[in-house]
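Here is a short report on one structure.

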Amino acid sequence: MLFSVSQGPPAAAHVPSLAVAALVSLLLRRLGFLGVFFLVPLGFAVLYANVRTALGAAAAVLALEGVLAAAALALGQGNAGEMFSGAVYTALVMGSFIWIMAPGPVRVVRRIAAASAAVTAFFLFIMFALPGREHDGFSVFFRSQAELLSSLYTGSAGGDAVRRSLLERYFTAERILGLLRLLVVRGGALASSVLLFFASRRLSFFVLRLARRSPSSGKAPGAESLVNFHAPGEMIWVLSFSLLGAPLFRLLSFGPGEILAWNVLTLSALVFLAQGWGILFWFLAGKVRSPFARILVNVAIAAVIVSPGINAFALALLALLGVAENWAPLRASGKSGSSPTPGM
């Protein structure tokens, strides 16, 4: 059941689907900032064809990446160890996403949580545990970001020599790099994995609807709406214990426990944030019926999200709204036992 075959075109059409999915995924990986969408063709392959086709496409991407890596090594470029660890990481991400997209009895929210935890654990292992990682791709990326942020901070002082001196002293690249590493270990990497899987899944369903272009095809199976999303019942206890665990392990100076607690807290907060979004969308669906008014509301929401400071406050309120629904029936349908969206 875990990797059962979904509905799709006849077997003869699977090979073209595999080839297209593999080619588009590989191209996206090579197109810089568009690389974050490289999972979408694999998700589309699961929905349009089946899991076996998506796995074949993923294997083809890894094989082509291996050929390119071998050519680079033959030319004296790159590092074999770094390329191998990167290939394993990519394989884990693609395999995890295909499992998330596959039909089966396990709720999608649990799959995303499990897959994100596995991907994050491996990322942190190759980032910090393996010897000689200070010059690999991940470390170079973080250092470049720290140097960029440091230059932006110091450049904001303009002609104020005193302010520039203070910024250069307290906002050095090393300090910012240390803060970035702290954030990555304490939930940043996990949050990035969750958002990557979630966004890729939603985009996969969107591309499927565009490909079908048929009003009679209806809603794709498994294309859940956040309006009906409810967090698993036990999530409130997970959130409570992680809230207690993070400061407790900090006081006990037990680093691994504190890191684990922060990551669990991050995951719980994201789940309740999704529930908060569902409550907001449910309310807007019932109150805002005019197309023009909906456009205005969407523009306002987008403006809040991209506004520094305001966005953090708004997202925190939405997460608290999601937590509050554990005690108050904020949606008319309420909750009784299992989630009204078994897929989520």
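This is a predicted model. Start with a helix pair. In helix 4, the residues Ser85, Val88, Tyr89, Leu92, Val93, Ser96, Trp99 and Ile100 meet a set in helix 5. That set is Val108, Arg111, Ile112, Ala114, Ala115, Ala118, Val119, Phe122, Phe123 and Ile126. By class, this contact of helix 4 with helix 5 has 15 nonpolar, 2 polar and 1 charged residues.

Two packed helices are described by the angle between their axes and the distance between the axes. Helix 4 spans residues 80-101 and helix 5 spans residues 108-129. They pack at an angle of about 175°, and their axes are 9 Å apart. Helix 4 is therefore roughly antiparallel to helix 5.

Next comes the second largest pocket. Its space is about 570 Å³. Of its 21 lining residues, Leu195, Phe198, Leu226, Ala274 and Trp277 are the closest to the centre. Helix 5, helix 8 (173-212) and helix 10 (255-287) each give two or more residues to this lining. Helix 10 gives the largest share, 7 residues.

The table sets out the residue classes of the two groups.

Last, a loop residue. Most residues other than glycine have a negative phi. Ser253 is not a glycine, yet its phi is positive, about 55°. Ser253 sits in the loop between helix 9 (235-251) and helix 10. Its relative accessible area is 66%, so Ser253 is exposed.

Note on methods:
Residues numbered from 1 in each chain as written. Predicted model: local features only at pLDDT ≥ 70, side-chain atom pairs only at ≥ 80, totals over all residues. Heavy atoms only, no water. Axes fitted to C-alpha atoms, helices over the stretch in contact; angles between N-to-C directions. Helix = DSSP H or I, 4+ residues; strand = E, 2+ residues; numbered from the N terminus. Parallel < 35°, antiparallel > 145°, perpendicular 65-115°, else oblique. Contact = heavy atoms within 4.5 Å. Nonpolar A, V, L, I, M, F, W, Y, C, P; charged D, E, K, R; others polar. 1 Å grid on protein atoms, 1.4 Å probe; cavity = no way out; pocket = protein on both sides within 12 Å on 5 of 7 lines; lining within 4 Å. Points joined across faces, edges and corners; volume = space filled by probe spheres on them. Buried < 20%, exposed > 50% of the residue type's maximum accessible area, 1.4 Å probe, protein only.
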